[in-house]
Amino acid sequence: MAKEPVRVLVTGAAGQIGYALVPMIARGVMLGADQPVILHMLDIPPAAEALNGVKMELVDAAFPLLKGVVATTDVVEACTGVNIAVMVGGFPRKEGMERKDVMSKNVSIYKSQASALEQHAAPNCKVLVVANPANTNALILKEFAPSIPAKNITCLTRLDHNRALGQISEKLNVQVSDVKNVIIWGNHSSTQYPDVNHATVKTPSAEKPVRELVKDDAWLNGEFITTVQQRGAAIIKARKLSSALSAASAACDHIRDWVLGTPEGTWVSMGVYSDGLYNAPAGVIYSFPVTCRNGEWTIVQGLVIDEFSRKKLDLTGAELTEEKELAYSCLS
Amino acid sequence: MAKEPVRVLVTGAAGQIGYALVPMIARGVMLGADQPVILHMLDIPPAAEALNGVKMELVDAAFPLLKGVVATTDAVEACTGVNVAVMVGGFPRKEGMERKDVMSKNVSIYKSQASALEQHAAPNCKVLVVANPANTNALILKEFAPSIPAKNITCLTRLDHNRALGQISEKLNVQVSDVKNVIIWGNHSSTQYPDVNHATVMTPSGEKPVRELVKDDAWLNGEFITTVQQRGAAIIKARKLSSALSAASAACDHIRDWVLGTPEGTWVSMGVYSDGSYNAPAGVIYSFPVTCKNGEWTIVQGLAIDEFSRKKLDLTGVELTEEKELAYSCLS
């Protein structure tokens, strides 16, 4: 007996990440090969024709799992009945814009989308914010959608997590599927802290710590970190466009693991509402290591944080606190 | 015990279709969720940096099934050991170019890629040509790679086939997965013939012919046909870019059904080397209805062709014969 369709919203759906993401959702990458989906796609009126073009292509692809497509510029129609919301739409930084300007534009957007989601989404809707500044956009959304449980509002650091796995796999010349349990702490920005202190690699003999196999602390504490932090810029330099393919793929991984559960012995990184664990500031969206089960995430507790890591966790936490203040100043 | 990886080549991989296609391949959409792959990506030197950007993103996505990536501007390196080749690269028509100019450029490209494939691909490599003029590019490739069995060289009309299924599903307001057995005859061009005379829809009371359910022969013989024929232009008009998402998805469907087999009672459309079945011209790549089993396609024989259809089949056949002559004239 076929499952009932799940409604998945993608905002900013006419853009590059949306175009990479929607075929992944329609093929079952996000929710499983046996889970029918109905796609809700939202974008702004200037993008209406392009958005309709995406809808046409989704029809043209004859996806067996895709049981409907709603393409709209109306946020209420977009949010109605959705079980999952992937917020890709936001105001990108343009040349000459100050940080406060970008923040101000996005705060407005996320405040208004918060209302729409709160009033029209299905109960227990899971939200993933992708658009930057992801953590703070997610925080604003949380603040203005008080009836959505805080635990249901997350932001994407899985891209950074996957990038970290990829860098380790290339350094050690191993399959990326044999590397696990890196952590991305904090903000999805250049202050994020990619931490390998608990990461392992599956070898023919056993699981070994990454640090032991890499044997290069200088690299792990230096170039590895900056490479992951700045990878977005490196992609833009190479492609002249930002990383749509890998961001879309990470969004699918984030939702899939959240809904279907993380594999035994494996955790992932998610930006979630902080309650102060690991001395991260409470009341911001901070990326932690989490396991997922029965549709719920749980922060992995008890991991040892060395001095070097402590400073990094605090630095990114301080930035998130500043961003929160900046965001709130835009609201007054 | 995990399967040995399959090597899949994508040419023109730095372009729009390539960018949509490679994550699909890396997720198992093309060859199955249990089939590891190694991607070979080829593009021309001006696109080398962008191509490397795509490789970086593939690493960043940490795809479990992706066991290696070769990104190169060298056709020999690209073709070495490949089991599946998806030829997306070609010379696009630019404003002011005559048909002969486009043909001439592409004939050169496909002649040289034919040699590289023939000399370096794995035995029994399956080839799918996507770049337009798809049928004639595939024919040139076949002519200049004589040691590749003709049956292994195909072109993509699955996009048109899927588009036809989508149009019927929208007209009847049914799920596209309940519509089957449309046929795309002939050339992947505006002379293609989308034929529903043998197509059916699964209803609660059984499979019914499309014509019987639609009850609108004027539409089926008129607007339906032109909509499918001109859908590419409609997508460009809406998106200002051509149909990468749906073309990539169709390429995956084409290869998957070829390799893994078509479902019982279902056929698909593939551009294949014509043996003169249905009085199509022999010696061109012509789209037929086919079933697939054990990695081989077989033309569905014995379908009744009415007078209206006969004219359409002949028209597109004539165009293919003309294209063949034009292509050969470019070679002398």
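Arg239(B) is buried in this predicted model. Its relative accessibility is 13%, and the residue counts as buried because that value is under 20%. Arg239(B) forms a salt bridge with Glu57(A), with the closest N and O atoms 3.7 Å apart. This contact crosses between chains. Glu57(A) belongs to helix α2 (residues 48–60) of chain A, while Arg239(B) belongs to helix α10 (residues 231–239) of chain B. Glu57(A) is buried too, at 0% relative accessibility.

Helix α2 of chain A also carries Asp60(A). The side chain of Asp60(A) meets that of Arg163(B) in a salt bridge, at 3.6 Å from N to O. Here again the pair crosses between chains, and Arg163(B) sits in helix α6 (residues 158–172) of chain B. Asp60(A) has a relative accessible area of 0% and is buried. Arg163(B) is likewise buried, with 4%.

Another salt bridge lies within chain B. Asp314(B) and Arg310(B) pair through their side chains at 2.8 Å, N to O. Both residues are part of helix α12 (residues 307–331) of chain B. They are 4 residues apart, about one turn of the helix. Asp314(B) is partly exposed, at 35% relative accessibility. Arg310(B), at 22%, is also partly exposed; the value is not under 20%, so Arg310(B) does not count as buried.

Salt bridges also link residues into a network. Its members are Arg27(A), Arg158(B), Asp253(B), Arg256(B) and Asp257(B). Over all chains, the count comes to 34 salt bridges.

Definitions and conventions
Residues numbered from 1 in each chain as written. Chains lettered and ligands numbered in written order. Predicted model: local features only at pLDDT ≥ 70, side-chain atom pairs only at ≥ 80, totals over all residues. Heavy atoms only, no water. Salt bridge = Lys/Arg side-chain N within 4 Å of Asp/Glu carboxyl O. Helix = DSSP H or I, 4+ residues; strand = E, 2+ residues; numbered from the N terminus. Buried < 20%, exposed > 50% of the residue type's maximum accessible area, 1.4 Å probe, protein only.
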